[in-house]
Amino acid sequence: MIENNELAMNTESRLSFDEFRKEVLNDYRLACESREVSVLARKEVLTGKAKFGIFGDGKEVAQIAMSKYFKPGDFRSGYYRDQTVAFATGIATPEQFFSQLYADPDLAHDPFSGGRQMNSHFATPNIDKDGNWLNLADMKNSAADMAPTAAQMPRSLGLAYASKLFREVPVLHQFPGLSNNGNEICFTTIGDASTSEGHFWETINAAGVLQVPMAVFVWDDGYGISVPRKFQTTKNSISAALEGFRKTKDSNGFDIYNVKGWDYAGMCEVFETAIQKIRDTHVPALFHVEEITQPQGHSTSGSHERYKSKERLAWEREFDCNLKMRSWILENALADEETLNKLEAEAKASVQEAKRSAWEKYLAPIKEHVQSFAALAAPIANLEGADATAINVAIRDLQNNREPQRRDILKTTANILLRHRALSQHPLVQGLQHWYDNYLKTEKESYNSFLYATGANSALNVPEVPVAYDSDSIMVNGYEILNRYFDQLFTHNPKVFAFGEDVGKIGDVNQGFAGLQQKHGKDRISDTGIRELTIMGQGIGMALRGLRPIAEIQYLDYLLYGLQPLSDDVASLQYRTKGVMHCPLIVRTRGHRLEGIWHSGSPMGMIINSLRGMHVCVPRNMVQAAGMYNTLLRANEPAIVIESLNGYRLKEKLPSNLETFTVPLGIPEVLKAGDDITIVTYGSTVRIVEEAVNTLNEVGISCEIIDVQTLLPFDINHSIVESLKKTSRILFVDEDVPGGGTAYMFQEVIEKQGGYRWLDVAPRTLSAQAHRPAYGSDGDYFSKPNTEDVVSVIMDMMRE
């Protein structure tokens, strides 16, 4: 006779087994769906419906096992083979995957990039259009993907570091929508070959030092495109090479785990315990997922049969993760052949339907525009003087094109309008012209928008609050202005953090943070290692999670070390996600004049050309810098603020509204009115120009000095050309190399603002020499513009 409690245990065990079986079969179905996505997507590329494809086939089971422990609040920071992760976590659907593959510009279809990125580049929103942070703690989040190998690593550090701060800094506990007590993990994925990049090693080292909840998954398929692992990785194993990073009882570091990418049960067992440990302890871990295969090779660009041996290809077929999981299911009697065959067929059918639906949604608006074009163009063929044959052929070709693109319609329309310019005043032709203009404008907006934020998120929409002074305002050193400003800022804004080399204990090399770590705490104002790349990454991740980091590059010359994530990640983020994701990072640095090759840089041309999408602020003094920080902190956009290196000990008047006044971006300031010549400059050269103008005034030359204040944006109201209308002469001055910042300003004013119309003499640029600045005071004098140079050039212009 069975006792009641025994019966209950058997019933509970049966239910538990049924749930387990259901979960396993759902996982296998997802693996089949993701594999079918890869297979069909490759065909779409090879048949011409899509331009290029790179897929996650061979990694399905490992990614499903990993995703089982991905919780709301967590962040994914991965690479372009994570489609199964996206499907398993609900971040993406197969239909959305195909919409992105087809480059559908409709955000309703491709919600990650609006057709601007290739497949498997996922992103989730973090800020709404009204400037409010979303409830990230209740979302499954994905940082926007990038293609540069290992580029996801630096920001992963910051995404994980934010959890550490949310847990350990009491003032952040008031933001439950951003974090659940720091329980969030950053799931970082990377291909084994990319671990050879410096980004990987610097990030691993920094994470090991900081002890942050980062779970790094290395998908190891044995190759970097065609190059075998043994030519890339010391000891032929990234986990073996990292053995010295393994955490011990008395050290920091990483936990390291080795698993097989085809072993579903084994990975689930390891991941469950290990990921919970990361969540609880914030000790980072590396999971070396070995014996991964690539059933379709690296990408649609070639075949792996060219570089893999027959033996290797045979092994890959045998150890295909989906086949291994299928065999494991059968061996453990979780399903029979008939059940699996039915499941596989259903998976294929659902993916086929997703592909079909995505293609129809992509094509439908284009077909509608083809018909609109035909309806407007056909009547023109009947006009006297019209080229009826050309019009009818064009209409027929577009209507017979089974896969037309927007550019086909626009090119065809533009060609007809050009051919019929003699009939341009006829209402029918004007109708077509009007339709063309509107269509072109709409599509340009679709493809060219969101380089910068809009609405409440835009720094350009921050109201101007003029600086104010008391009648008894004192004169203090520039660095003291910043010190008092940062003290007030950290007192009243709990989301602001500052970090960088020497920022903490000694208060930065120029004392802007002197004494503030002791007052506001080591977490709020902290020192880092000498690692500019991951200082930027640390800031990027924190900014993506709702904090307001001020990440410091000690000298502008060192920006090169951190430029890649700023250019590829931050500057392009709003554009490549079509406004879905924002990263309000502030990079603080100092540059321009000092002494020597690596401490006096002013590479503004490099910066403004590589950081389109960020604001570039070049304040002439520290009061202006404080106002710019205020402006930026009231918006949700990234920026770099370049303080004048030789201005920290110059005296400035202390404002009475230090924490509230704002400096509008893109609005030049006229520092001195004049009638004979306009001088356009910024930063440290403002003082050089002012000294020269005093000399020129003595000889009767009246100069107007304009400080542009920001290079990105630049003079949004075109005020400089108004000065040029008065003076008819213009000189652009800065410390960059020839053809750098001055050439940029020249183009903005002379070409874009139409300044050439008001010139009486040839415009001039005055820059530094082409070489790096030589050391010493004389080296500075002969390497960069000086007072005498400015006077000489202007005297020459006045003689013309």
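This is a predicted model: local features need pLDDT of at least 70, side-chain atom pairs count only at pLDDT 80 or more; totals for chains, interfaces and linings use all residues.
**Entry 1: contact between H11 and H12**

I looked up H11 and helix H12 (residues 388-400) and found their axes 10 Å apart, at an angle of about 165°. Angles over 145 degrees count as roughly antiparallel, and H11 and H12 are therefore roughly antiparallel to each other. I noted the crossing of H11 past H12 as left-handed. On the H11 side I listed Val-370, Gln-371, Phe-373, Ala-374 and Ala-377, which meet Ile-391, Ile-395, Leu-398 and Gln-399 of H12.

**Entry 2: H4 against H11**

I next asked which residues of H4 and H11 make the contact between these two helices. Helix H4 (residues 94-101) packs with H11 at an angle of about 45°, the axes being 8 Å apart, and the two are therefore oblique to each other. H4 passes H11 in a right-handed crossing. From H4 I recorded Pro-94, Glu-95, Phe-98 and Ser-99, and from H11 Val-351, Ala-354, Lys-355, Ser-357, Ala-358 and Lys-361, as the residues that make the contact.

I also followed the chain back to the loop between helix H10 (321-331) and helix H11 (337-377), where Ala-333 is found. Its phi is near 55°, which I flagged as a positive value in a residue other than glycine. I kept the flag because most residues other than glycine have a negative phi.

**Entry 3: H5 against H17**

At what angle do helix H5 and helix H17 cross? I read roughly 55° for the axes of H5 (residues 152-168) and H17 (residues 532-544), which come within 6 Å, and the two helices are therefore oblique to each other. Their crossing is right-handed. In H5 I wrote down Pro-154, Arg-155, Leu-157, Gly-158, Leu-159, Tyr-161, Ala-162 and Leu-165; these meet Leu-533, Thr-534, Gly-537, Gln-538, Ile-540, Gly-541, Met-542 and Leu-544 in H17.

**Entry 4: domains and a UniProt annotation**

I checked the domain assignment, which gives domain 1 (21-335), domain 2 (363-445), domain 3 (459-653) and domain 4 (669-799). Between the C-alpha centres of domain 2 and domain 3 I noted a distance of 51 Å. In UniProt, an unreviewed entry lists residues 476-650 under "domain: Transketolase-like pyrimidine-binding". Over residues 476-650 I found 40% helix and 17% strand, with the end C-alpha atoms 8 Å apart.

**Entry 5: the parallel sheet**

I traced an open sheet of 6 strands in the order S2-S1-S3-S4-S8-S7, with parallel pairing. Its edge strands are S2 (141-142) and S7 (255-260), each of which pairs on one side only. Helix H8 (residues 264-281) packs on this sheet and touches S3, S4, S7 and strand S8 (285-290), while its direction makes about 160° with that of S7. Looking inside the sheet, I counted 6 bridges joining S3 (residues 186-191) to S4 (residues 214-219), which run parallel. What is the bridge partner of Thr-189 in S4? I found Phe-217 there.

**Entry 6: the mixed sheet and a cis peptide**

I then turned to an open sheet of 5 strands with mixed pairing, in the order S17-S19-S18-S21-S22. Here S17 (669-672) and S22 (764-766) are the edge strands, each pairing on one side only. I noted that the twist averages 25° from one strand to the next. Strand S18 (residues 677-681) and strand S21 (residues 730-733) pair in the parallel sense over 3 bridges, and Thr-678 stands opposite Ile-730 in S21. Helix H21 (residues 685-698) packs on the sheet, touching S17, S18, strand S19 (703-707) and S21, and its direction makes about 170° with that of S19.

I found a cis peptide bond joining Leu-712 and Pro-713, with omega about 0°. I marked the bond because most peptide bonds are trans.

Terms used. Residues are numbered from 1 along each chain as its sequence is written. Side-chain values use heavy atoms; hydrogens and water are left out. Two strands pair if DSSP finds at least two bridges between them. Helices (H or I, at least four residues) and strands (E, at least two) are DSSP runs, numbered from the N terminus. Contact means heavy atoms within 4.5 Å. Axes are lines fitted to C-alpha atoms, for helices over the stretch in contact, and angles run from 0 to 180 degrees between N-to-C directions. Domain bounds come from an automatic or database domain assignment. UniProt positions are given in the numbering used here, feature names are shortened, and annotations may be inferred rather than shown by experiment. Angles under 35 degrees count as roughly parallel, over 145 as roughly antiparallel, 65 to 115 as roughly perpendicular and the rest as oblique. A crossing is left-handed if the near helix is turned anticlockwise from the far one by less than a right angle, and right-handed if clockwise.
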